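Trainee: I am new to this one. Please show me the structure, and then let us go through some questions.

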Amino acid sequence: MSFAKRAFALASALLLAACAARPLPPPVTPTPVPTPTPLPTPVPVTPPPPANARAAGVALVPPAPTIYDAWAQRALGAFKISCPVLVRRNDQSGLAQGADWAPLCAQAATLAPEQAVAFFRDSFDWVRVGDGKAFATGYYEPEIQGSRVPQPGYAPIYAVPPDLVRCTRPDGTKGRGRVDETGTCVPYYARADIENGALANKGLEIAWAVDPLELFFAEIQGSAKVVFPDGTSMQIAYAEQNGLPYTAIGKLMKDRGLLAPGGTSMQAIKAWIRANPDQGRELMRENASYIFFRVLNGPGPIGALNVPVTGRASVAADPKFVPLGAPVYLAVDRPEAYGLWVAQDVGGAIKGPNRFDTFWGSGPDATQIAGGMSANGIAYILLPKGVAARAYAQP
């Protein structure tokens, strides 16, 4: 090998050795990307409910294309019963006042039953409050077995206790309660307290119910006929409430999976409680609300309008959205409830626009229909002509 070749080979070897000996640069650690702070989930703001029908908005609509004669005749009878109170009533809905109804009441007094359809179709403005989407349940007058004297296991039916008063609580709010030994307004006794004897032996018993469960549902209905062993009876009606909030035990049972899907009828609730008496008693006590009754000496039951209610004609409504005494047309998905009614009552759970509770009277059929009533549809309120436009025009 020539000197030049040897020199080239040596230089190449040295170059390769130098390359092999050079250390590799350390790996570059990437700069961590900061995790972005999640934005807080916006809390949906629920607007407050409208104060009354005028605030909810009222729209004129055409009369229903079909008005069944039997419904119209029952509604005419109920409307006539309402009129003496209706023409003097101060309305909370902002829609009509007592004097607005006087011409219609005078007209109704002259009508024969067969003129009812034309009366409701032609003499009123038909309006929709808000979106008109209605939900209707049912109530009835229970018949419960009772005694005029106490018996073991029977539940007392109480009149209004004298210490149930309206007073000012320490936080400045006013409501039902009692004044304790220190002079402080405190909540009244809850259902559990009363069932444990808080009002016993004070002379408040009207009668005694054979079945405490039937008395519980009589409280929900707001009235009952108490039938005694000798065949006589007594009608009782809502007189006062203890001021504590009403809790629907059907909803509690549904939320806890105690009832089959779609099984929140009164009949299903009663069956479960009878099958589970200890749990059922505690469940009923979760509804702290308690109703006190009065004895009716005339026709009954009496609704919030202070006139007798009529089966298949009277309906409970929220007076802030429906003038008590006004006809109501329910176009709903239950044919039993589809038709004309008259708003003559209220209910603790009947709140807001287009919420109704249909009254079915007494007896087995009424109990069956009311206990399973759950209807959806559209509600129309019938008002004296011109008053809806007047209410809409007011600021």
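Trainee: Which residue of β10 does Ile144 stand opposite?

Mentor: This is a predicted model, where local features need pLDDT of at least 70, side-chain atom pairs count only at pLDDT 80 or more, and totals for chains, interfaces and linings use all residues. Residues are numbered from 1 along each chain as its sequence is written, and side-chain values use heavy atoms, with hydrogens and water left out. Strands are DSSP runs of E, at least two residues, and helices are runs of H or I, at least four, numbered from the N terminus. Opposite Ile144 stands Val226.

Trainee: How many bridges join β4 to β10?

Mentor: Strands pair if DSSP finds at least two bridges between them. β4 (residues 143–147) and β10 (residues 223–227) run parallel, and the bridges that join them number three.

Trainee: Which residue of β9 stands opposite Gly146?

Mentor: β4 also pairs with β9 (residues 205–209), in the antiparallel sense over two bridges. Opposite Gly146 stands Ala209.

Trainee: Which residue forms a salt bridge with Glu214?

Mentor: A salt bridge is a side-chain nitrogen of Lys or Arg within 4 Å of a carboxyl oxygen of Asp or Glu. The whole structure has 13 salt bridges. In this one the closest N and O atoms are 3.0 Å apart, and the partner of Glu214 is Lys270.

Trainee: How many residues apart are Glu214 and Lys270?

Mentor: Glu214 is in helix α7 (residues 212–221). Lys270 is in helix α9 (residues 266–275), so the pair links distant parts of the chain, and the separation is 56 residues.
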